[in-house]
Amino acid sequence: MPELIAPTAALHASWIESRDEWGRGVHQDGSGLRETDEVDSPDGFAAWVARLTDAEKQAPEGWVRCSFRWIVEDGRYLGAIALRHELNDFLREAAGHIGYGLRPSARGHGLAAWALAETLPDARALGLTRVMLTCDVSNIGSARTIERNGGVLEDVRDTEIGTVKRYWITL
């Protein structure tokens with residue numbers, strides 16, 4: 001049975017396996033991983049995990065507070081979901097309140113839809129009455145995941161990260 005957990009340095013090896021499935025340098029939606037993060041060493045990975053944990057309480061300048069959760073089953077890292085506590089201009093235009101991503105071998109089993117459904121009560125607990133999510137216009141699986149969770153398409157637009165579908169879910 002999958003679960004959502006706070007990021008933990010204890011899953012370093014499993015996370016590295018997942019990263020290698022994605023490919024080095026590939027953007028992983030919902031992970032909070034930045035190009036400047038050094039995650040190969042245990043110390044670097046622990047520092048990244050600490051930054052993810054701290055983001056829930058305090059955001060770096062130009063960012064918003066964010067709750068990161070990892071999708072884990074039987075001690076194996078499968079993916080991540082991020083709940084941004086508010087929208088700044090970039091998030092309002094292109095990325096939304098919630099982002100998620102699954103390692104390639106975990107896709108197609110309903111995990112993203114499950115994780116999104118599990119995260120929506122947390123958004124409500126933050127006082128949000130609706131949340132915005134986006135997906136790449138070509139990502140049919142992600143569009144279905146959002147729609148299965150009540151997402152209503154607002155529009156399709158060109159953004160700095162590409163052409164995205166923008167959805168709203170009323171909580």
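Select residues 152-159, strand S6, together with residues 162-170, strand S7: the two pair in the antiparallel sense over 7 bridges. Strands (E, at least two residues) and helices (H or I, at least four) are DSSP runs numbered from the N terminus, and two strands count as paired if DSSP finds at least two bridges between them. The model is a predicted one, in which local features need pLDDT of at least 70 and side-chain atom pairs count only at pLDDT 80 or more, while totals for chains, interfaces and linings use all residues. Residues are numbered from 1 along each chain as its sequence is written, and side-chain values use heavy atoms, with hydrogens and water left out.

Within this pair, display aspartate 158; its bridge partner in S7 is threonine 163.

**Second stop: the whole chain**

Along the principal axes, the C-alpha atoms fill a box of roughly 40 × 35 × 30 Å. A compact globule of 171 residues would have a radius of gyration near 16 Å, and the 15 Å of this chain agrees with that. That radius is taken over C-alpha atoms, and the globule rule is 2.2 Å times the number of residues to the power 0.38.

Colouring by accessibility shows 46% of the 171 residues as buried. Buried means under 20% relative accessible area, exposed over 50%, and partly exposed in between (1.4 Å probe, protein chains only). The chain exposes about 8,900 Å², of which carbon and sulfur atoms supply 50%; the areas come from the Shrake-Rupley method with a 1.4 Å probe. Of the contacts (heavy atoms within 4.5 Å) between residues at least 6 apart in sequence, 58% join residues at least 24 apart.

Select residues 3-5, strand S1, and strand S2; 3 bridges join them, and they run antiparallel. Isoleucine 5 is paired with tryptophan 70 as its bridge partner in S2. Keep tryptophan 70 displayed and look to S3, where alanine 80 stands opposite. S2 and S3 are themselves antiparallel and joined by 8 bridges. Of the 8 residues of S2, 6 are buried, so the strand is mostly covered.

Which residue lies in the loop between S2 (66-73) and S3 (76-84)? Aspartate 74 is found there, in a hairpin with 2 residues between the strands. Aspartate 74 has a positive phi of about 50° although it is not a glycine. Most residues other than glycine have a negative phi. At 74% relative accessibility, aspartate 74 counts as exposed.

Select residues 12-22, helix H1. Its buried residues are His12, Ser14, Trp15, Ile16, Ser18, Arg19 and Trp22. The elements that cover them include helix H2 (42-54), S2, S3 and strand S4 (98-102). Just after H1, glycine 23 takes a positive phi of about 110°.

**Fifth stop: two residues and their surroundings**

Centre on arginine 76, in strand S3. Is this residue buried or partly exposed? Its relative accessible area is 33%, which makes arginine 76 partly exposed. Neighbours within four places in sequence aside, arginine 76 is in contact with Ser14, Glu21, Ile71, Arg103 and Ser105. A C-alpha to C-alpha distance drawn from arginine 76 to alanine 13 reads 9.2 Å, across 63 residues of sequence.

Finally, centre on glycine 101 in strand S4. Glycine 101 counts as buried, at 10% relative accessibility. Not counting residues up to four places away in sequence, glycine 101 touches Trp22, Asp29, Leu78, Gly79 and Ala80. One of these, Trp22, is also among the buried residues of H1.
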